Amino acid sequence: LAFGLNWLVFVPAYLFQTERYFDLTGSLTYLSVMGVALWLAPERDPRAWLLGAMVVVWAVRLGSFLFARIRRDRTDRRFDALKPSAPRFFMTWTVQGLWVTLTASCALAAMTHVRPEPLGGVAAVGTLIWLIGFSIEVVADRQKGRFRIDPKNRGHFIQSGLWAWSRHPNYFGEIMLWCGVAVVAFPALTDWQYVTL
């Protein structure tokens, strides 16, 4: 599903030479995969709903943020060299499908587990890690957004707020929130499912 959705959107994106819907497609892919996992789950236990909610809240926030940015900027320079080449541009959409599959795999395994595990202290710790990571990502994105609006900052890299502590605090928050998802998922995993971590 993750690959199929990205490959489907690649076709008009390549034909019209646009990356405008790339990030939005990534978020919609997460939403679709989570929805299908909840629908196919043998039993929708509280852990499945919690994991689904964590991923959905994150995907809606990040997808809307990135889509607003591309609408404002009209282009993403990182795609300029990729768009004219069908194989290279196709690869970016394939990598996005892989990104969704790999990052969400432990949540998907836990959500569709045949024998649900009750929520407990580990889920509380994972949720706290997710909340901290999510907050860091949101704050970092807002700080950088405010910094970029000011014309005097054009050509400069933000070095204030969270950005004074890390070159990419938004990525740190991203990594942290996915670690929180993994912690919440961990008690429900067995055997081969540990590979998803």
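Q: What makes a residue of this predicted model buried?
A: A residue is called buried when its relative accessible area is under 20%, exposed when that area is over 50%, and partly exposed in between. The model is a predicted one. In helix H5, the residues that are buried are Ala-123, Gly-126, Trp-130, Gly-133, Phe-134, Ile-136, Glu-137, Val-138, Ala-140, Asp-141, Gln-143 and Phe-147. Among the elements that cover these buried residues are helix H3 (46–73) and helix H6 (169–185).

Q: How do you know that the span of helix H5 agrees with its number of residues?
A: Helix H5 covers residues 121–149, which is 29 residues. The expected span is 1.5 Å times one less than the number of residues, and for H5 this gives 42 Å. The end C-alpha atoms of H5 are 42 Å apart, so the two values agree.

Q: Why is H5 called roughly antiparallel to H6?
A: The axes of H5 and H6 cross at roughly 160° and come within 7 Å. Angles over 145 degrees count as roughly antiparallel, and H5 is therefore roughly antiparallel to H6. The crossing in which H5 passes H6 is left-handed. By class, 16 nonpolar, six polar and three charged residues make up the contact of H5 with H6.

Q: Why is H6 described as largely enclosed by the rest of the structure?
A: Of the 17 residues of H6, twelve are buried, so the helix is largely enclosed by the rest of the structure. The buried residues are Pro-169, Asn-170, Gly-173, Glu-174, Met-176, Leu-177, Trp-178, Gly-180, Val-181, Ala-182, Val-184 and Ala-185. Their cover includes H2, H3, H4 and H5.

Q: What makes H3 and H4 roughly antiparallel?
A: The axes of H3 and helix H4 (residues 86–111) come within 8 Å and cross at roughly 155°. Since angles over 145 degrees count as roughly antiparallel, H3 is placed in that class relative to H4. On the side of H3, the contact is made by Arg-47, Ala-48, Leu-51, Gly-52 and Trp-58, and on the side of H4 by Trp-99, Ala-107, Ala-110 and Met-111. Seven of the residues of this contact are nonpolar, one is polar and one is charged.

Q: Why are H2 and H4 called roughly parallel?
A: H2 and H4 pack at an angle of about 30°, and their axes are 10 Å apart. Angles under 35 degrees count as roughly parallel, so this description applies to H2 and H4. Their crossing is right-handed. Residues of H2 in the contact include Phe-22, Thr-29, Tyr-30, Val-33 and Met-34, and those of H4 include Trp-93, Trp-99, Val-100, Ala-104 and Met-111. The contact of H2 with H4 divides into twelve nonpolar residues, six polar and one charged.

Q: Why does Met-34 count as buried?
A: Met-34, which lies in helix H2, has 1% relative accessibility. The cut-off for a buried residue is under 20%, so Met-34 counts as buried. Leaving aside neighbours within four places in sequence, Met-34 is in contact with Gly-52, Val-55, Val-56, Ala-104, Leu-108 and Met-111.

Q: How do you know whether Gln-17 and Asp-191 are buried, partly exposed or exposed?
A: Gln-17 has 32% relative accessibility and so counts as partly exposed. Asp-191 has 66% relative accessibility, and the cut-off for exposed is over 50%, so Asp-191 counts as exposed.

How values were computed. Residues numbered from 1 in each chain as written. Predicted model: local features only at pLDDT ≥ 70, side-chain atom pairs only at ≥ 80, totals over all residues. Heavy atoms only, no water. Helix = DSSP H or I, 4+ residues; strand = E, 2+ residues; numbered from the N terminus. Buried < 20%, exposed > 50% of the residue type's maximum accessible area, 1.4 Å probe, protein only. Contact = heavy atoms within 4.5 Å. Axes fitted to C-alpha atoms, helices over the stretch in contact; angles between N-to-C directions. Parallel < 35°, antiparallel > 145°, perpendicular 65-115°, else oblique. Left-handed = near helix turned anticlockwise from the far one by under 90°. Nonpolar A, V, L, I, M, F, W, Y, C, P; charged D, E, K, R; others polar.
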